[in-house]
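Subject: Structure handover

Hello,

Here is the structure for you to open. Please keep it on screen while you read the notes below.

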Amino acid sequence: MAMTDQDRAARAAHGLASAAAPDVAEAVEGWLARLAHERRLSAKTLEAYARDLSVVLLRLTDHLGRRPTLADLAALTPADVRAVLASRRAEGVAPRTLVRLLAAARSFGRHLEREGQGKVGALTAVRAPKVPKGLPKPVSVTAARALSDPDTRAGEAREQWVLARDAAVITLLYGAGLRISEALGLTAGTLAPGTTQITVTGKGNKTRMVPLIAPVLTAVEAYRALCPYALAPDKPLFRGARGGPLSPRIVQLAVERMRGVLGLPDSATPHALRHSFATHLLSRGGDLRAIQELLGHASLSTTQIYTQVDAAALMNAWRAAHPRARAQSPRAQTGS
């Protein structure tokens, strides 16, 4: 049975009772229900919102000496909000996490104002922490191919169908640019034999069409041929050892083992293969708009970060190989 908006909101709100007064807890459930209905967020995303807000409310409880009520929230000052963020910063929490906490609190504050339950002006008066911009870290073409090759794990004491399954998932990440959740969310009917493109449901339940290249189709068919379980069209394509849906953690562990064998850095994760898909397409003249569509990015600016990755890789190659680069090193300049 499909989960309703109310079901998703109630599930996400579960556990907030200890973090807030009853009137706030009730308002939180209404907020999550609005997010589920208007933005069609998944249960996992709603739980993340609820978790972040619960952290803020628990810190406010410590700060105020009681569980905050709606009246307490309306009376907050910028200093109160800064104290909450500072308490998390003192524990070594990254700026990106602080931004996420503040965003959840601001979203809840906007909901309260729309519902006439008070205005939490202090939340908008506080500037969000600056987040250092990091570039995605793709793996090389050679490494991506090795990670998706079942022969890389030939020495492991695992059944052939398991090795073929993991290779098929990894090939979808690199060969089609899917997120791991998108790959594991595919049904056997969606990726039936002979399929050359699939409809993928991504973040915010947005769908996109993704073409499948020959190596992807070959890897999936190799897995299908070896899989010991009946693959009903409406059931998950990728199965765990006992026949249930495959866990993302199993794929992550498989990549961890292979990067040890291949000597790859910790940044070589399943998601890095999606970055590699975009970066390698761009480096071979792929159109940025087309890559945006393939990745399912809502904004072109999100996709444009891969142009910086490509430029950075080009400069690193230039510094490593070009004689003029060596000539311009500090030591070379000192000796001239």
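A residue counts as buried when its relative accessible area is under 20%. You will find Leu 163 in helix α9. Keep that cut-off in mind, as it returns below.

**Overview**

This is a predicted model. The protein has 18 helices and 2 strands. Of its 336 residues, 41% count as buried. Look also at contacts between residues at least 6 apart in sequence: 62% of them join residues at least 24 apart.

How far does the predictor trust the model? The mean pLDDT of the protein is 82. A pLDDT of 70 or more is reached by 82% of the residues. Among the elements, helix α11 (residues 214–226) has the highest mean pLDDT, 94. Helix α18 (residues 330–335) has the lowest, 41. The pLDDT is below 50 over residues 327–336. Beyond near neighbours in sequence, that stretch has 5 contacts in the model.

**Around helix α9**

Stay with Leu 163 for a moment. Which residues does Leu 163 touch, leaving aside neighbours within four places in sequence? They are Pro 150, Arg 153 and Arg 158. Pro 150 is 13 residues from Leu 163 along the chain, and their C-alpha atoms are separated by 5.6 Å.

Now move to the contact of α9 with helix α13 (residues 270–283). Their axes come within 6 Å and cross at roughly 30°. Angles under 35 degrees count as roughly parallel. The two helices, α9 and α13, are therefore roughly parallel to each other. From α9, the contact uses Ile 170, Leu 173, Tyr 174, Gly 175 and Ala 176. From α13 come Pro 270, Leu 273, Arg 274, Ser 276, Phe 277 and His 280. By class, the residues of this contact are 7 nonpolar, 3 polar and 1 charged.

Two of these names turn up again at Val 251. Val 251 lies in helix α12. Its relative accessibility is 0%, so Val 251 counts as buried. Leaving aside neighbours within four places in sequence, Val 251 is in contact with Val 169, Ile 170, Ile 180, Leu 246 and Pro 270. Thr 269 is 18 residues from Val 251 along the chain, with 9.4 Å between their C-alpha atoms.

**Aromatic pairs**

A search of the whole structure finds 4 aromatic pairs. One to look at is Trp 161 with Tyr 229. Their ring centres are 5.8 Å apart and their planes are at 80°, so the pair is edge-to-face. The pair links distant parts of the chain, 68 residues apart. Trp 161 is in helix α9 (residues 160–176). Tyr 229 is in the loop between α11 and α12 (248–262).

Are the two residues buried or exposed? Trp 161 has 5% relative accessibility, so Trp 161 counts as buried. Tyr 229 has 28%, so Tyr 229 counts as partly exposed.

Arg 239 is in contact with both members of this pair. Arg 239 also sits in the loop between α11 and α12. With a relative accessible area of 8%, Arg 239 is buried. The C-alpha atoms of Arg 239 and Val 162 are separated by 9.0 Å, although the two residues are 77 apart along the chain.

**Helices α2 and α6**

Helix α2 (residues 22–38) packs with helix α6 (residues 95–114) at an angle of about 95°, and their axes are 10 Å apart. Angles of 65 to 115 degrees count as roughly perpendicular. That is why α2 and α6 are described as roughly perpendicular to each other.

On the α2 side, the contact is made by Val 24, Ala 27, Val 28, Gly 30, Trp 31, Arg 34 and Leu 35. On the α6 side, it is made by Ala 104, Ser 107, Phe 108, His 111, Leu 112 and Arg 114. The classes are 8 nonpolar, 3 polar and 2 charged residues.

Find Trp 31 and Phe 108 in that contact. Together with Tyr 49, Trp 31 and Phe 108 form one aromatic cluster.

Best wishes

Terms used:
Residues numbered from 1 in each chain as written. Predicted model: local features only at pLDDT ≥ 70, side-chain atom pairs only at ≥ 80, totals over all residues. Heavy atoms only, no water. Axes fitted to C-alpha atoms, helices over the stretch in contact; angles between N-to-C directions. Helix = DSSP H or I, 4+ residues; strand = E, 2+ residues; numbered from the N terminus. Parallel < 35°, antiparallel > 145°, perpendicular 65-115°, else oblique. Contact = heavy atoms within 4.5 Å. Nonpolar A, V, L, I, M, F, W, Y, C, P; charged D, E, K, R; others polar. pLDDT = per-residue confidence, 0-100. Phe/Tyr/Trp six-rings, centres within 6.5 Å; stacked < 30°, edge-to-face > 60°. Buried < 20%, exposed > 50% of the residue type's maximum accessible area, 1.4 Å probe, protein only.
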